[in-house]
Amino acid sequence: MKLRIYEIADTEEIMKLFYNTVHEVNIHDYTQEKVGAWAPANMDIDVWIKSLGSKFTYIADRGAG
């Protein structure tokens, strides 16, 4: 596994990971309404790109190294 800096091409996978984590793991701790508000099905990729690109975002890439 290798750590690397976030690239725009990573965005969709990060969004899927976030959505699945909220809806599959956190569903036991919150109501369906809350997880739907926290991670809606129609998340805006441009918002994610802007947010992830404005911070020091690192990716753990298990396919590298």
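I began with the term for accessibility: a residue is buried if its relative accessible area is under 20%, exposed if over 50%, and partly exposed in between, with a 1.4 Å probe and protein chains only. The model is predicted, so I note that local features need pLDDT of at least 70 and side-chain atom pairs count only at pLDDT 80 or more, while totals for chains, interfaces and linings use all residues. I also note that residues are numbered from 1 along each chain as its sequence is written, and that side-chain values use heavy atoms, with hydrogens and water left out.

**Entry 1**

I looked up His 23, which lies in helix H1; helices (H or I, at least four residues) and strands (E, at least two) are DSSP runs numbered from the N terminus. Is His 23 buried or exposed? His 23 counts as buried because its relative accessibility is 18%. I then listed its contacts (heavy atoms within 4.5 Å). Apart from neighbours within four places in sequence, His 23 is in contact with Gln 32, Val 35, Gly 36 and Ala 39.

I found Asn 26 in the loop between H1 and H2. Asn 26 has 17% relative accessibility and therefore counts as buried. With residues up to four places away in sequence not counted, Asn 26 touches Thr 21, Val 35 and Trp 38.

**Entry 2: Aromatic rings**

I recorded three aromatic pairs in the structure. Rings of Phe, Tyr and Trp (its six-membered ring) pair if their centres lie within 6.5 Å; planes under 30 degrees apart are stacked, those over 60 are edge-to-face and the rest are tilted. Phe 18 and Trp 38 form an edge-to-face pair, with 6.1 Å centre to centre and 90° between the planes. Phe 18 lies in helix H1 (residues 11–25) and Trp 38 in helix H2 (residues 32–38), so this pair ties together parts that are 20 residues apart in sequence. Phe 18 counts as partly exposed because its relative accessibility is 25%. Trp 38, at 42% relative accessibility, also counts as partly exposed.

Tyr 30 and Trp 38 form an edge-to-face pair too, at 5.7 Å centre to centre and 70° between the planes. Tyr 30 is partly exposed, with 41% relative accessibility. Which residues do the ring pairs link into a cluster? I noted Phe 18, Tyr 30, Trp 38 and Trp 48.

**Entry 3: Nonpolar core**

I next examined the largest nonpolar core, where a core is a set of buried Ala, Val, Leu, Ile, Met, Phe, Trp, Tyr and Cys residues joined through side-chain atoms within 4.5 Å. The largest core has seven residues: Tyr 6, Ile 14, Met 15, Met 43, Trp 48, Leu 52 and Ile 59. H1 and helix H3 (45–53) are the elements that give two or more residues to this core. Trp 48 touches Thr 11, Ile 14, Met 15, Phe 18 and Met 43, residues up to four places away in sequence not being counted.

**Entry 4: Leu 3**

I located Leu 3 in strand E1 (residues 2–5). Leu 3 counts as exposed because its relative accessibility is 63%. Leaving aside neighbours within four places in sequence, I found Leu 3 in contact with Ile 59 and Ala 60. The C-alpha atoms of Leu 3 and Ala 37 are separated by 31 Å, and these residues are 34 residues apart along the chain.
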